[in-house]
Amino acid sequence: MHLGGTEKYDALIIPGGMGGAVTMAGSTEVQNLVRSYYNHPEKRIVGIILICAGSKVAITAKLPGQPITSHPSVQSEFPDHFDYKEQHAVVVSDAVPGKATLVTSRGPGTAFPFVFTLIELLCGKEKRDEVVGPMIFPSGTVTGYPF
C-alpha cells in the first residue's frame, strides 16, 4: 500500500475514532509518513493534523514534545514531554523550529473550530471568513484558533 507523501499533499490529516486511531498509531507506515511530513523542509507543507484519538500518532511517531491536545480518553497516554492543553479545543504548535506545524483537536464537538483553523492555515484568513460568514453561528461561537 502506498499512502502518497510530501511531494503530493500540503498536509497530512489523521482522523479520530478509537479503533482507527489505534490501528494508525500502530502502523509503521503511518508513523514513517507522519515523520516525513513533520521533517519536510518545504514551506508549503502545512503540517500534521490530528483530531480526537488520532493524536495518539504523535506518540508512536515519536514527535518531539510540544503543545498538544486530544480526546480525553487518550490524554493519560501522553508522555510528560508533551505540553498537554486540556482546556483548548484546538492547539496549533510551531514550537519546534524548522519542523512542520502540528495541529490537534479534542473531538467531534470541536470539529468546526478545527476545520476553520485548517482553512486559515491552508488558504488564509480571508477564505476562512468567507466560509464562516454564511454559516450563521451564534454570537460568541469559537470559529478557529486564536491566531
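Student: Okay, R128 in this model: buried or exposed?
Tutor: Buried. This is a predicted model, and R128 comes out at 11% relative accessibility. The cut-off for buried is under 20%, so R128 counts as buried.

Student: And which side chains does R128 meet in salt bridges?
Tutor: E120 is one of them, with N to O at 2.8 Å. D129 is another, and there the N to O value is 3.1 Å.

Student: What about E120, is that buried or exposed?
Tutor: Buried as well, with a relative accessible area of 14%.

Student: Which residue does K125 form a salt bridge with?
Tutor: D129. Their closest N and O atoms are 2.8 Å apart.

Student: Why are K125 and D129 separated by about one helical turn?
Tutor: Because they are four residues apart in helix α5, which covers residues 125-132.

Student: Switching topic. Where's S70?
Tutor: In the loop between β3 (67-68) and β4 (83-84).

Student: Buried or exposed, that S70?
Tutor: Buried: its relative accessible area is 0%.

Student: What does S70 touch, then?
Tutor: Leaving out residues up to four places away in sequence, S70 touches C52, S55, Q75, F78, Y84, S105 and R106. With Y84 there is also a polar contact of 2.8 Å between the side chains.

Student: Now the largest nonpolar core. Which residues touch the most other members?
Tutor: L12, V34, I48, L50, V57, L63 and I68, out of 23 residues in that core.

Student: Which helices and strands supply at least two residues each?
Tutor: The strands are β1 (11-14) and β2 (47-51), and the helices are α1 (18-25), α2 (28-38) and α3 (56-60). The most comes from α2, which gives five residues.

Student: Last one: what does I68 touch?
Tutor: Not counting residues up to four places away in sequence, I68 touches A58, F78, F82, D83, Y84, K85, V91, L102 and T104.

How values were computed. Residues are numbered from 1 along each chain as its sequence is written. This is a predicted model: local features need pLDDT of at least 70, side-chain atom pairs count only at pLDDT 80 or more; totals for chains, interfaces and linings use all residues. Side-chain values use heavy atoms; hydrogens and water are left out. A nonpolar core is a set of buried Ala, Val, Leu, Ile, Met, Phe, Trp, Tyr and Cys residues joined through side-chain atoms within 4.5 Å. Buried means under 20% relative accessible area, exposed over 50%, partly exposed in between (1.4 Å probe, protein chains only). Contact means heavy atoms within 4.5 Å. A polar contact is a pair of N or O atoms within 3.5 Å; within protein, one must be able to donate a hydrogen and the other to accept it, and residues adjacent in sequence count only if both atoms are side-chain atoms. A salt bridge is a side-chain nitrogen of Lys or Arg within 4 Å of a carboxyl oxygen of Asp or Glu.
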